[in-house]
Amino acid sequence: ISKKKESKVSINMNISETAGPREKSKIMLLQALVKRHESVRREFKQIDEIDINDLAENIEEELYKLFNKDAGKAYKAKFRALYFNISNETNKTLFRKILNREVSPKKLVNMDKNELASEELAKWQEMRQKKVMLFSYS
């Protein structure tokens, strides 16, 4: 293990009071990814703490770039949506796509709320939309 990788494993997952929005985002993403990874560890044996840490850092970096290196209101709103969907244990498909690298950090931060939603929620929203359209044409 290189010194660079070794230092990443010992990252502090506690948020300090003085941490800025980017550092808070990275730590919260890391906490969510680590927690979710624990439930699928057997399936994703090849992914370790270093990979999870790199993933959290890459997602946050792409998010920061998306908002032109401004960690303001839009950044925070998008972060909340990402965090919710990554930490949502019913959103298994999205999480597996992230771990399998079917969804890159850049693509992830550019996904809209419907793309981020769990399959179950997406199906429910689609059925609801069909009902609304059906009743509006009646």
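**Close-up 1. The lining of the largest pocket.** A81, F84, N85, N88, T90, N91, K113, N114, A117, S118, L121 and Q125 line the largest pocket of this predicted model. Two or more of the lining residues come from each of α4 (73-87), α7 (113-116) and α8 (119-136), and α4 gives the most, with 3 residues. Sorted by class, the lining has 4 nonpolar, 7 polar and 1 charged residues. The pocket's volume is about 150 Å³. A pocket here is an open set of points on a 1 Å grid over the protein atoms alone, where a 1.4 Å probe fits, with protein on both sides within 12 Å along at least five of seven lines; lining residues have an atom within 4 Å of a point. Helices are DSSP runs (H or I, at least four residues), numbered from the N terminus. Nonpolar means Ala, Val, Leu, Ile, Met, Phe, Trp, Tyr, Cys and Pro, charged means Asp, Glu, Lys and Arg, and the others, Gly among them, are polar.

**Close-up 2. Helix α2 beside α4.** Helix α2 (residues 21-39) packs with α4 at an angle of about 10°, their axes being 9 Å apart. The two are therefore roughly parallel to each other (angles under 35 degrees count as such, and 65 to 115 as roughly perpendicular). From α2, the contact uses P21, R22, S25, M28, L29, A32, L33 and R36, and from α4 it uses Y75, K76, F79, Y83, N85, I86 and S87. Contact means heavy atoms within 4.5 Å. This contact has 9 nonpolar, 3 polar and 3 charged residues. Axes are lines fitted to C-alpha atoms over the stretch in contact, with angles from 0 to 180 degrees between N-to-C directions.

**Close-up 3. Helix α2 crossing α5.** Now meet helix α5 (residues 92-99), which packs with α2 at an angle of about 100°, with the axes 11 Å apart. That makes α2 roughly perpendicular to α5. Here L33, R36 and H37 of α2 meet K92, F95 and L99 of α5. By class, there are 3 nonpolar, 1 polar and 2 charged residues in this contact.

**Close-up 4. An aromatic pair.** The count of aromatic pairs comes to 2 (ring centres of Phe, Tyr or Trp, its six-membered ring, within 6.5 Å; planes over 60 degrees apart are edge-to-face). Y64 and Y75 form an edge-to-face pair, 6.5 Å centre to centre with 90° between the planes. Y64 sits in helix α3 (residues 49-66) and Y75 in helix α4, so the pair ties together parts 11 residues apart in sequence.

**Notes.** Residues are numbered from 1 along each chain as its sequence is written, and side-chain values use heavy atoms, leaving out hydrogens and water. Because the model is predicted, local features need pLDDT of at least 70 and side-chain atom pairs count only at pLDDT 80 or more, while totals for chains, interfaces and linings use all residues.

Terms used: Grid points are joined across faces, edges and corners, and a volume is the space filled by probe spheres set on the points. Angles under 35 degrees count as roughly parallel, over 145 as roughly antiparallel, 65 to 115 as roughly perpendicular and the rest as oblique. Rings of Phe, Tyr and Trp (its six-membered ring) pair if their centres lie within 6.5 Å; planes under 30 degrees apart count as stacked, over 60 as edge-to-face and the rest as tilted.
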